[in-house]
Amino acid sequence: MSRPSIDGTALPADNEERNGSPGVHKKKLQLEKLGAEEINKQLESKFQALKGITLYDSPSSPCGRRVRMVLIDKEIPYQMVEVDLLSGEQTHPAFLKLNPNGRVPVLTIFNIEGLPNCVLYESNVITEFLDTVIPNVRYGEHALYPTDPWERAMVKMW
């Protein structure tokens with residue numbers, strides 16, 4: 001049975017496809033919903049906090065590159081979770097729990113002795129935190145950020 005529309009023409013019932021095939025449209029919507037639910041579950045799992053140091057990043061992000069350079073220079077072992085910016089993964093509610101701004105990079109630290117459990121975002125905050133709490137193996141403590149306030153400000157402006 002059809003139902004009226006605003007302009008007075010008849011619209012198909014909820015279980016009919018516009019071409020008159022009953023149930024086809026509803027089945028298609030159900031399949032799309034199942035696909036969306038599966039994607040949602042995958043992203044929920046992807047953005048769960050992992051043990052250790054995890055960098056949520058995109059290879060094309062210059063801010064993420066800055067954090068990766070610090071992690072590599074300080075020889076800090078970490079795992080990377082790639083965030084697909086083109087498909088909008090950074091806007092998924094599970095990612096927004098990590099960073100409400102919806103941007104990469106995000107660094108999580110969980111269950112590492114001597115370090116607080118935390119979630120950090122914004123590359124300057126992440127790099128300064130890493131430089132402060134983890135000494136550099138080759139150059140000693142705090143080698144990446146200078147102690148002079150003016151020089152330190154210049155580094156932060158990049």
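How many aromatic pairs does the count come to by the ring-pairing rule? The count comes to 2 aromatic pairs. Under this rule, rings of Phe, Tyr and Trp (its six-membered ring) pair if their centres lie within 6.5 Å; planes under 30 degrees apart count as stacked, over 60 as edge-to-face and the rest as tilted.

This is a predicted model, in which local features need pLDDT of at least 70, side-chain atom pairs count only at pLDDT 80 or more, and totals for chains, interfaces and linings use all residues. Residues are numbered from 1 along each chain as its sequence is written, and side-chain values use heavy atoms, with hydrogens and water left out.

Here are the ring pairs:

| Pair | Centres apart | Planes at | Kind |
|---|---|---|---|
| Phe47 and Tyr56 | 6.1 Å | 55° | tilted |
| Phe47 and Phe95 | 5.2 Å | 65° | edge-to-face |

Together, ring pairs link Phe47, Tyr56 and Phe95 into a cluster. Phe47 and Tyr56 are both buried, and so are Phe47 and Phe95; buried means under 20% relative accessible area, exposed over 50%, partly exposed in between (1.4 Å probe, protein chains only).

Helices (H or I, at least four residues) and strands (E, at least two) are DSSP runs, numbered from the N terminus.

Next comes a serine. Ser58 is found in the loop between strand 3 and helix 2 (62–73). Ser58 counts as buried because its relative accessibility is 6%. Leaving out residues up to four places away in sequence, Ser58 touches Arg68, Val83, Leu85 and Val104, where contact means heavy atoms within 4.5 Å.
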